[in-house]
Amino acid sequence: MRSYRDLFRTPEFTPFFLSYAAFNAALTIGGLSLATLVYRATDSPLLAAMSMFGPQLAQVLGATFLLSGADRLPPRATLAGMGLAFAALTAVLAVPGLPVWAVFAVVLVQGLIASLGGGVTGGLLNEILPKSGFVLGRSMFNMASGLMQVLGFAMGGALLALLSPRTCLLLAAALYLTEALGYRLGLTARPARASGRLSVRATWSSNAFLWSSRPRRLTYLGLWIPNGLVVGCDSLYVSYAPEAAGALFASGALGMFAGDVWVGRFARPALRPRLATPLLLLLATPYLLFAFHPPVAVAAVAVCLSNIGFAASLVQQERLMSLTPDDMAGHALGLRSAGMLTMQGVAAALAGTVAQLTSPATGMTVMATGSIAVTLALAAAGKREERRPGVGRDGEGGAVGVLGVADVDGVG
């Protein structure tokens, strides 16, 4: 499967894709509106960053206690129910006079619910598409995320100039309702991929199995940390340029869209394993420019260029699926999503703290430097794995398991 036309000819892919797009539009408009509301009320870069990215911190709790549900719950009912829950909670955030502590309580609940989303979505995509179509389909979903962020942040910025943040939150709630309806009407009722009920014990057992393999461990670290640290930079857009944050978010989403198109559609399968480390370095390096406090126009170009690097996750996820049993695909992708989003939340808190003590520009520079250092360290770990005696090219010890580093003979 090598064309987007093939994807949309696949039964159920189109309603699945459109519902996911509605979710991302709601997420961007709602996140920008909430961060603006909190920043206006508190004048705090830290609280603004945490209101937008705080739900990610709750992902670690979901990954610890709830993630077994990614393969043990029926996907259509789960996704539709999550859409309804997000709609209700977003409407609560729009209630006038809601204290800041209550805002963060709602944000925590949203994060716990969302911890299932990545696993259920990824596992269902893995079911709907053949193996040969996973990277193309995943890139299409990433492109939907990027495009909806471009439109969502641009529209959110325009709406915030005309309407109050609370009104924009209600619009986001309506989009979540649309998402839930799309899942309910557009998807077939499927049974759970794995037997048994959602339980803490099953979650811990599966997490331990996935983490027990060194190649999977290194793949997870490559998916979580460099990416998360750069999202810490993103969390400071509102405080760096309060009146132009929507433009920065939209520029970043445009770069993400371009990267996903190139890697998902045009990069040859033999080339993909070599791309992750260069893309992760591209992801962080442009943010070093913020040390010089660039004007918004220059900052937008840097952000657009940087976000092309988010396409690294496509080749890393492909590698993760090659190392994971089919009946654990949802759990493995859910752990990827939960860990990544948790790291993004941690990085947003760290970036907000640095910005509070220094400046938003300094916070971005510090986060980018850390991302570059981690990427280089993981690339070095990949080289050491490659030199281990007895490591097979295609086995779990393969060197491509770290950041997508190619094997010595070029076999991906």
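Glu318 is partly exposed in this predicted model, with a relative accessible area of 29%. The side chain of Glu318 meets that of Arg272 in a salt bridge, at 2.9 Å from N to O. A search of the whole structure finds four salt bridges, and the points below take them by location.

**Glu318 and Arg272**
- This pair links distant parts of the chain, 46 residues apart: Glu318 belongs to helix α17 (residues 312–322), and Arg272 to the loop between α14 (245–266) and α15 (276–284).
- Arg272 is buried, its relative accessible area being 6%, whereas Glu318 is partly exposed.

- Between Arg190 and Glu127, the closest N and O atoms of the salt bridge are 3.8 Å apart.
- Arg190 lies in the loop between α10 (165–186) and α11 (200–212) and Glu127 in helix α8 (residues 117–128), so their pairing ties together parts that are 63 residues apart in sequence.
- Glu127 is partly exposed, with a relative accessible area of 35%.

**Asp6 and Arg9**
- Asp6 forms a salt bridge with Arg9, with 4.0 Å between the closest N and O atoms.
- Both residues, Asp6 and Arg9, lie in helix α1 (residues 4–9), where they are three residues apart, about one turn of the helix.
- Asp6 is partly exposed at a relative accessible area of 28%, while Arg9 is exposed at 59%.

Conventions:
Residues numbered from 1 in each chain as written. Predicted model: local features only at pLDDT ≥ 70, side-chain atom pairs only at ≥ 80, totals over all residues. Heavy atoms only, no water. Helix = DSSP H or I, 4+ residues; strand = E, 2+ residues; numbered from the N terminus. Buried < 20%, exposed > 50% of the residue type's maximum accessible area, 1.4 Å probe, protein only.
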